[in-house]
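Subject: Structure handover and notes

Hello,

Here is the structure for your files. My notes follow below it.

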Amino acid sequence: MAQQELSEQEIVRRRSLEAMRERGIDPYPAAEYPVSGYSREIKENFDDALEPKREVCVAGRIMSRRIMGKASFMELQDSEGRIQVYVSRDDLCPGEDKDFYNVVFKKLLDIGDFIGVKGYVFRTQMGEISIHAQEITVLSKSLRPLPIVKMKDGKAYDAFTDPELRYRQRYVDLVVNPGVRELFLKRTKMFNSMREYFNAFGYTEVETPILQSIPGGAAARPFITHHNALDIPLYLRIADELYLKRLIVGGFEGVYEFSKNFRNEGMDRTHNPEFTCMEIYVPYKDYNWMMDFTEKMLEKIALDVNGTTKVQVGDNEIDFKPPYKRVTMTEAILEKTGFDITGKSEEELRAFCKEQGIDVDPSMGKGKLIDEIFGEKCEGTYIQPTFITDYPIEMSPLTKRHRNNPELTERFELMVNGKELANAYSELNDPIDQYERFVEQMKLADKGDDEAMIIDADFIRALEYGMPPTSGMGIGMDRLAMLLTGQTTIQEVLLFPQMRPQKAAKKEEEETTEAE
């Protein structure tokens, strides 16, 4: 790896690093540092009348400094926020180094360095709760300057706001941009709330394989890898559905999994090739029960995360309070286009798509054509949570036929803010019907549909042992996080979203600039 060219500031910091070592200070000590308090807790529990003053030991990153001769102030940032530290030359006692304040503190420490501070809590004359430092320990030297926002003539400079840089260097984004850490803490609350909801019903969280010999459970293009020891191709999981259903066959009362799924498809504001999905399967239930279950779950999660069922996403206020509207797929398309898909042939559907300017290709069967019509003409119009139900059988190869109409299936998708959030079925448990559906999928593959499902013989065998009536539901956790935090791009709710290589991204940016 070639040595990178250093900026002037980086050169100065490396010199400070060496100067510390020459003074016998380890800039990266290994010993445990005895933290006894955190910024928010210290400020919330401060008592002016307390005597003697509370002694604390805090650690964090220097975010600002004001050097003023024999006394200085700095702002320390820890995992809970920031707190001011007052440093006096006469009170600072770092062991035997009598000139620590004038040399190390004033000249060798930089914004971004991690330090430990021992001292007592007090309130300054300006009324700010602060820590009076009595000892400072260097914990980690920062060799790169942080992009700290500076203001001049009312304008902000050096703000770290470029999305390309923020997503590539999330570690910097978390340090300098207030609110980013809180967003991801909300994401964690969302997962915890959902787990609590499922566990209260007695359902079991499980783990299923990520590397699979057959990419089943969804219509999607998989990532392919190779297992050297077995000398076979393997696929990164596109869904965990078929494994979870095997567990229902095995006798579990209800199972769920938060799974990392991978789909070798496009990337945009709502799609990442690696994403998190939750799937749950409950025996002796159907899709009507699952709609009620899902409404109550989302209401609970919204309250746990935000304290309200309402969230603002762009210009739209979305309310997760039940009940949600329920519309059949046929009704939705008829309402939005005036076209009734009932009984229509593949040729009639293809002709309608051509008439409407909907882009389709010869590999698409009836299910894909209907999906394209709905996606182009209907999906984006459903802002408030809405269940789209009763999908045509061609669109749902793993779903039980509708009890009142064999041309339809007992399936729903939950649309929120113009996008699919959840997908659920009354699960197909007839092994003969399931095998025939797989065969139809293979015919689509022969036509060139690279998202068609492959026959999973072991899953058919599992169904032949008998699976009770079951309802299953999958929900996109990244999209749910977007909604609950008011974000409009999936990259904002992924700590490390997939990015195109920097050289390619830079070249594309240059070509765009030249074209303009």
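Is Asp 110 buried or exposed? Asp 110 counts as buried, because its relative accessibility is 16% and the cut-off for buried is under 20%. Please keep in mind throughout that this is a predicted model.

Salt bridges

There are 36 salt bridges in the structure. One of them pairs the side chains of Asp 110 and Lys 141, with N to O at 2.4 Å. This pair ties together distant parts of the chain, 31 residues apart: Asp 110 sits in the loop between α3 (100-108) and β4, and Lys 141 in the loop between β5 and β6 (150-152). Lys 141 is buried as well, with a relative accessible area of 4%.

A second salt bridge lies within a helix. Arg 170 pairs with Asp 173, and the closest N and O atoms are 2.8 Å apart. Both residues belong to helix α5 (residues 170-176); because they are three residues apart there, about one helical turn separates them. Arg 170 is buried at 0% relative accessible area, and Asp 173 also counts as buried, at 0% relative accessibility.

The salt bridge between Lys 300 and Glu 196 has its closest N and O atoms 3.2 Å apart. Again the pair links distant parts of the chain, with Lys 300 in helix α8 (residues 287-306) and Glu 196 in helix α6 (residues 180-200), 104 residues apart. Lys 300 counts as partly exposed at 22% relative accessibility, and Glu 196 is partly exposed with a relative accessible area of 47%. Elsewhere, salt bridges with shared partners join Arg 166, Arg 170, Asp 173 and Glu 492 into one network.

Backbone

Most residues other than glycine have a negative phi, and most peptide bonds are trans. The following entries are worth a look with that in mind.

- The peptide bond joining Glu 51 and Pro 52 is cis, with omega about -10°. Pro 52 is in the loop between α2 (39-44) and β1 (55-68).
- The bond from Pro 322 to Pro 323 is also cis, with omega near 0°. Pro 323 is in the loop between β15 (316-319) and β16 (325-328).
- Tyr 284 is not a glycine but has a positive phi of about 65°. Tyr 284 falls in the loop between β13 (274-283) and α8, and is exposed, with a relative accessible area of 59%.
- Asp 390 is not a glycine either, and its phi is positive at about 60°.

Surface and a buried loop residue

Which residues make the nonpolar surface patch of about 360 Å²? They are Tyr 171, Leu 495 and Phe 496. Phe 496 is in the loop between α14 (477-485) and α15 (502-515), and is exposed, with a relative accessible area of 62%.

Thr 124 is also a loop residue, placed between β4 (114-123) and β5 (129-140), but Thr 124 is buried, with a relative accessible area of 13%. Apart from neighbours within four places in sequence, Thr 124 is in contact with Phe 73, Gln 84 and Ser 130.

Regards

Key: Residues numbered from 1 in each chain as written. Predicted model: local features only at pLDDT ≥ 70, side-chain atom pairs only at ≥ 80, totals over all residues. Heavy atoms only, no water. Patch = residues over 30% accessible without salt bridge, like charges linked within 9 Å, V, L, I, M, F, W, Y side chains within 5 Å. Areas by Shrake-Rupley, 256 points an atom, 1.4 Å probe, with all protein chains shown as cover. Salt bridge = Lys/Arg side-chain N within 4 Å of Asp/Glu carboxyl O. Helix = DSSP H or I, 4+ residues; strand = E, 2+ residues; numbered from the N terminus. Buried < 20%, exposed > 50% of the residue type's maximum accessible area, 1.4 Å probe, protein only. Contact = heavy atoms within 4.5 Å.
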